[in-house]
Number of protein chains: 2
Amino acid sequence: MAASKILIAQGGGPTAVINQSLVGAVLAARRFRGVDFVCGARHGVRGIVNEDLIDLTQETSENLERVAVTPASALGSTRDKPDVKYCQEIFKVLKAHEIGQFFYIGGNDSSDTVRIVSEEAARAGYPLRCMHIPKTIDNDLVGNDHTPGFPSAARFVMQAFAGANLDNAALPGVYVGVVMGRHAGFLTAASALARTLPDDGPHLVYLPERTFSTEAFLADVKAVHDRLGRCIVAVSEGIHDASGTAIASQLAKSVERDAHGNVQLSGTGALADLLCDEIKDKLKIKRVRGDTFGYLQRSFLGCVSDVDQREAREVGERAVQFAMLGDRDGSVAIKRTGQYAVGYELVALDSVAGKTRVMEDELIAASGTDVTDAFRRYLQPLLGSDLPVTARLRAPAVAKVLNSAR
Amino acid sequence: MAASKILIAQGGGPTAVINQSLVGAVLAARRFRGVDFVCGARHGVRGIVNEDLIDLTQETSENLERVAVTPASALGSTRDKPDVKYCQEIFKVLKAHEIGQFFYIGGNDSSDTVRIVSEEAARAGYPLRCMHIPKTIDNDLVGNDHTPGFPSAARFVMQAFAGANLDNAALPGVYVGVVMGRHAGFLTAASALARTLPDDGPHLVYLPERTFSTEAFLADVKAVHDRLGRCIVAVSEGIHDASGTAIASQLAKSVERDAHGNVQLSGTGALADLLCDEIKDKLKIKRVRGDTFGYLQRSFLGCVSDVDQREAREVGERAVQFAMLGDRDGSVAIKRTGQYAVGYELVALDSVAGKTRVMEDELIAASGTDVTDAFRRYLQPLLGSDLPVTARLRAPAVAKVLNSAR
């Protein structure tokens, strides 16, 4: 049995910093004296069963550092969710390659994969150390203050709404921006950090933690538009009616589901278009524009939180330290220890696996269409340094000469 | 008559650097000894006729510098296109406020506004110096090497496709990104600069300078997907069929037109969704995702080319210098004088006004779905410094033990 042979893989949706975790783990593993082999599986668990492995002991540190700052999953990813049979295939390969430690970087679906693999290994009597390294832009892992990948995506959403707000102030109308997030509204809520002055947008924020009503939505938009002559709306792709049915899935001509049974919400502009059509039709507002942030919010090259980069690197490094120096499988969790400082703990896989964290009630305003100061305090330090600043002209009005009555 | 009183306004779509031109002009004007009043009209020509003016001599230089790095039009913008009657209203206000110099920052529609105002002023015998300061993300002003605003938007598009390419490599499928550009494909073409390695996307680039055929499109996508197992497509919102009808406008439930008679193309995800549906239906490819970059590409806070910032500042400053030191109305044009260096010339308003530059043939590959090296040489220096870099893992494959036949 070889604790000295390590396999690492990446699962689920890519993020801006998932390669930091990969590189953190690889470099940490290569530093441990007992480790003589570090390999990566291409495209997650699928790469394991296909024996599609690459030898990461033959990567230069220089190139690894460049990969670390490259967004998306450098090893490739997968949406496969292994069942027992799939896991038996995984074992065959791990055993044949004398792998002693398995690291899987991913979200709550991936942590469930790690849990199943860990249990199957125990059942098969194979001594395999299984570690889950967290990542997800949705920020929906339980037991974590936040999840690597979320801060950078939140920064993108914040910067996007800050710009959209300025654009909309220049050419007034209604602007609807649809943000990723099936069950958890954290990423959509990040839009609220775009505000500097009291009349800055987003003026309304719709989260999947609250039931969406088209009637209330239209009334909200009308009220803001009547007051300011414009309105910026942030909407989660996961908004749903009282029955729990996603508004987006009510629209889709054909519903596409992934291997986890989740309805495909991203990669289409249908929800933004529907909401815009409703506003045009019912409120008779002429200039109504909708954008769906789509894959840009998780893959855009060059928008990253340095706090997120550091932490993503650290969770990878800590996972290897927990594996080499500890005696149990688990998931590395980020705990906030100060404002702002963090520590890392190894938590049980079944405390994370397959569970979904949503926004706590104290983070959502009583109106249901905004966040609280507690959320702003929570998110602000995660966005990182060197945030771009904006300013408005403050010049006084020139006295009218001709049209003094206007 | 007062050459010492100056009015400035911003028209058309906002950009990341249009406020650099505003601030360049305001600071230059405030430095000229003879100038004792600089005012700005809120929301372009509409602000003039409404006497909605602010006193820019009462802005601190510090705040102006912060406004300069703020995207979107700080004075507000408009889509109004003045006719003769509208221009008579403009004169009344300019005369009442003893304005001697009128600066309008905008695209080709705005330059036409300046031309009409200039001609109406001459006809009315009113001594008004009229200057057009260029901006447009579409890069479609004739007589200019390029136009302020375009380089920053091009940088956004490049960074977006570089990220989308990495995301798509991690989770393969077809990705369609729709980019702004009604008649000119420059911004869509900028996507090609995202490539580093030969198999990087975008693999196909569809420009409004070429006729779009859905059949050819599907054949192109299939060929790339068969070869690479994935495909990244960049599509201009302005793609049209042989009759010149925009593909996007064929889809719209109701066609919305602006004051210039242009069909509204942005602010909807319909084109991306249509193309994705075609690919799913006809090519039977399962994972097909579409994003419409929408307003993000012109308003995103924090993605800007420093070259663009400097030049936008300079065209504003040069416009004031041409006005104060010269003897004719005109439009400031950027001329490339080296690789890479530029100079500025004052060109006749009617040489720019209302005309549309499209991509020259030598910039478009013979295939019609890519750009040429000439385009890459043209665009590269405009993107600015500190471009984010990316890297791939280069580790060799691990020899298969179990599935050697796979």
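Copies of a chain are superposed here by least squares on the C-alpha atoms of residues with pLDDT of at least 70 in both. The model is a predicted one, in which local features need pLDDT of at least 70 and side-chain atom pairs count only at pLDDT 80 or more, while totals for chains, interfaces and linings use all residues. Residues are numbered from 1 along each chain as its sequence is written, and chains are lettered from A and ligands numbered from 1 in the order in which they are written.

**Stop 1: the two chains**

Colour chain A and chain B separately. Chain A is superposed on chain B by a rotation of 180° with 0.0 Å of shift along the axis, at an RMSD of 0.0 Å. This is the relation of a two-fold axis. Select Gly269(A) next: in chain A, its C-alpha is the one nearest the axis, at 2.2 Å.

**Stop 2: where the chains meet**

Two residues are in contact if their C-beta atoms, placed from the backbone, lie within 7 Å. By this rule, 72 residues of chain A are in contact with 72 residues of chain B. Helices (H or I, at least four residues) and strands (E, at least two) are DSSP runs, numbered from the N terminus. Among the elements that give two or more residues to the chain A side are β2 (37-41), α4 (84-96) and α10 (270-283). Select α6 of chain A, which gives the most to this side, with nine residues. Which classes of residue make up the side of chain A that touches chain B? There are 36 nonpolar, 22 polar and 14 charged residues; Ala, Val, Leu, Ile, Met, Phe, Trp, Tyr, Cys and Pro count as nonpolar, Asp, Glu, Lys and Arg as charged, and the others, Gly among them, as polar.

**Stop 3: the domains of chain A**

Select 5-148 together with 304-352 for domain 1, then 151-302 together with 360-383 for domain 2. These bounds come from an automatic or database domain assignment. The C-alpha centres of the two domains of chain A lie 32 Å apart. Their contact takes 22 residues from domain 1 and 19 residues from domain 2.

**Stop 4**

A residue is buried if 20 or more other C-beta atoms lie within 10 Å of its own, exposed if 12 or fewer, and partly exposed in between, with C-beta atoms placed from the backbone. A nonpolar core is a set of buried Ala, Val, Leu, Ile, Met, Phe, Trp, Tyr and Cys residues joined through C-beta atoms within 7 Å. The largest such core has 269 residues, and Val157(A) and Val157(B) have the most contacts inside it. Leaving aside residues up to four places away in sequence, Val157(A) touches Val179(A), Leu187(A), Ala190(A), Ser191(A), Phe293(A) and Gln297(A).

Now move to α10 of chain B, whose buried residues include Leu271(B), Leu275(B) and Ile279(B). After this helix comes Lys284(B), with a positive phi near 55°.

**Stop 5: details in the loops**

Select Gly201(A) and Pro202(A), which are joined by a cis peptide bond with omega about 5°. Pro202(A) is in the loop between α7 (186-189) and β7 (204-206) of chain A. The peptide bond from Gln339(A) to Tyr340(A) is also cis.

Finish at Glu98(B), in the loop between α4 (84-96) and β4 (101-106) of chain B. Is this residue buried or exposed? Glu98(B) counts as exposed because there are 12 C-beta neighbours inside 10 Å.
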